[in-house]
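Here's a quick briefing for anyone meeting this structure for the first time. Have a look at the sequence and the model, then read on.

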Amino acid sequence: MAEEAPAAAPAKAAAKSPKKKKAAARPKKDGPSISKLIVAAVAESKERKGVSLAAIKKVLAAKGVDVNKANKRINTAVTKLVTKGTLSQTKGTGASGSFKLAKEPKAQERCCRFIHLSSCPLLPFRGRGGAGAYPGY
């Protein structure tokens with residue numbers, strides 16, 4: 001009784017699972033981003049106290065945005081616009097409440113080239129000393 005060698009193992013290539021194909025990347029949607037649409041919706045509004053989030057979503061739905069799908073993106077876009085300073089929140093906290101366009105801050109003129117503040121022509125109360133003579137300094 002001669003011992004026979006065990007049968008050869010099946011081919012290793014067949015044992016490996018085939019590589020999965022990557023899902024095709026979705027093409028980007030044409031048109032403005034949600035944050036640009038939100039800014040446009042708030043700018044269109046004539047409300048003095050601002051526009052509510054529900055009203056913003058109605059305007060976006062009229063422009064063709066699927067509000068149910070994009071609800072989270074709308075909320076995050078609104079909060080980011082508030083933190084950036086593009087929108088100001090008149091009521092509420094977070095993504096709820098009313099929003100209006102923020103006023104652009106005016107650049108303050110500062111005297112940099114004058115050694116003594118008393119010689120600065122742009123400052124009021126120059127030449128006087130004491131507390132409160134130079135507001136903002």
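Let's start on the surface, where Arg48, Lys49, Lys91, Lys100 and Lys103 gather in a patch of positive charge. This is a predicted model, so local features need pLDDT of at least 70 and side-chain atom pairs count only at pLDDT 80 or more, while totals for chains, interfaces and linings use all residues. Residues are numbered from 1 along each chain as its sequence is written, and side-chain values use heavy atoms, with hydrogens and water left out.

**The overall layout**

- The protein chain has four helices and three strands; helices (H or I, at least four residues) and strands (E, at least two) are DSSP runs, numbered from the N terminus.
- Reading from the N terminus, the elements come in the order α-α-β-α-α-β-β.
- Of the 137 residues in the protein chain, 19% are buried. Here buried means under 20% relative accessible area, exposed means over 50%, and partly exposed is in between (1.4 Å probe, protein chains only).
- The areas themselves come from the Shrake-Rupley method with a 1.4 Å probe, and for residues only the protein chains shown count as cover.

**The positive patch**

- What makes a patch? Its residues have over 30% relative accessible area and no salt bridge; like charges are joined within 9 Å, and nonpolar side chains (Val, Leu, Ile, Met, Phe, Trp, Tyr) within 5 Å.
- For the charges, Lys and Arg count as positive and Asp and Glu as negative, with His and the chain ends not counted. Each charge is placed at NZ of Lys, CZ of Arg, CG of Asp or CD of Glu.
- Arg48 sits in the loop between α2 and β1 (51-52), and it is exposed because its relative accessible area is 77%.
- Lys100 belongs to strand β3 (residues 98-101) and counts as partly exposed, at 33% relative accessibility.
- Along the sequence Arg48 and Lys100 are 52 residues apart, yet in space they are 8.3 Å apart, C-alpha to C-alpha.
- Lys103 is in the segment after β3, and with a relative accessible area of 79% it is exposed.
- The C-alpha atoms of Lys103 and Thr86 are separated by 8.3 Å, with the two residues 17 apart along the chain.

**The salt bridge**

- How many salt bridges does the structure hold? There is one, where a salt bridge is a side-chain nitrogen of Lys or Arg within 4 Å of a carboxyl oxygen of Asp or Glu.
- Glu44 and Lys63 form it, with 3.5 Å between the closest N and O atoms.
- Glu44 lies in helix α2 (residues 34-44) and Lys63 in the loop between α3 (53-62) and α4 (71-84), so the pair ties together parts that are 19 residues apart in sequence.
- Both ends are partly exposed: Glu44 has a relative accessible area of 49%, and Lys63 is at 38% relative accessibility.

**The two sides of α3**

- Which residues of α3 are buried? They are Leu53, Ile56, Lys57 and Leu60.
- These four cover an arc of only 100° around the axis, so they are on the same side of α3. The arc is that of the directions from the helix axis to the C-beta atoms.
- Over on the other side of α3, Lys58 and Ala62 are exposed.

**A look at β2**

- Ser88 is part of strand β2 (residues 87-91), and it is partly exposed, with a relative accessible area of 25%.
- Ser88 and Phe99 are eleven residues apart along the chain, and their C-alpha atoms are separated by 5.7 Å.
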